[in-house]
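Please have the sequence and the structure at hand while reading.

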Amino acid sequence: MNKETQSISRNIQNILNGEPWFGRPVFAILNEIDPKIVYKKPDGDAHSIAELLYHMITWAEFCLRQLEKADKKLIEEIQARDWRNIEPSVHPWKNGLEELRTIHDQIIEALESKDDEWLKEKVHFRKFNYRFMLNGLIQHDIYHLGQIAYVKKLLA
């Protein structure tokens, strides 16, 4: 049986492109942002929209690599990229959007072969299981989407 795994997959798809309960989906909001503002910070300590996007990418990649049972070195390399310095020439907005989409698509594809029992397994190098991680990814994406929408309003 993989009803819960399918439900998680559908929830990921729904928050990205569907009709989520919280409002507009991730890509509806991200695709309408003017690339001219994504590297600006609303104040000295706040994150830019691009920083928030690449933070979301980092943790989606963390989840994908955990699904693939990557080695500890790769997991640590991914974590080291979190909240990195974002440069427009190195981290183009359009590329970031595509990377976020691709990683989530790969997560959804990886879930197709998983059963519900697997969700109880402990994530490598962590104290939590795959159910917690995947539901956390959904919550993480929604949380940072809210920040992005707010920063967009501040900068518009």
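## Basis

This is a predicted model, in which local features need pLDDT of at least 70 and side-chain atom pairs count only at pLDDT 80 or more, while totals for chains, interfaces and linings use all residues. Residues are numbered from 1 along each chain as its sequence is written, and side-chain values use heavy atoms, leaving out hydrogens and water.

## Salt bridges

A salt bridge is a side-chain nitrogen of Lys or Arg within 4 Å of a carboxyl oxygen of Asp or Glu. The count by this rule is 9. One of them joins K120 to E117 at 3.2 Å, N to O.

E61, R65, E68 and R81 form a network of salt bridges. Within it, R65 meets E68 at 2.8 Å and E61 at 3.7 Å, both N to O. R65 and E61 lie 4 residues apart in helix α3 (residues 49-67), about one turn of the helix; helices are DSSP runs of H or I, at least four residues.

Buried means under 20% relative accessible area, exposed over 50% and partly exposed in between (1.4 Å probe, protein chains only). E61 counts as buried because its value is 12%, whereas E68, at 44%, is partly exposed.

D116 lies in the loop between α5 and α6 (130-155). D116 is buried without a salt bridge, and the nearest side chain of opposite charge, R131, is 6.7 Å away. A polar atom of the D116 side chain lies 2.8 Å from the backbone nitrogen of T5.

## Helix α5

Terms used:
Helix = DSSP H or I, 4+ residues; strand = E, 2+ residues; numbered from the N terminus. Lys, Arg positive; Asp, Glu negative; His and termini not counted. Polar contact = N/O pair within 3.5 Å; in protein donor to acceptor, adjacent residues only side chain to side chain.
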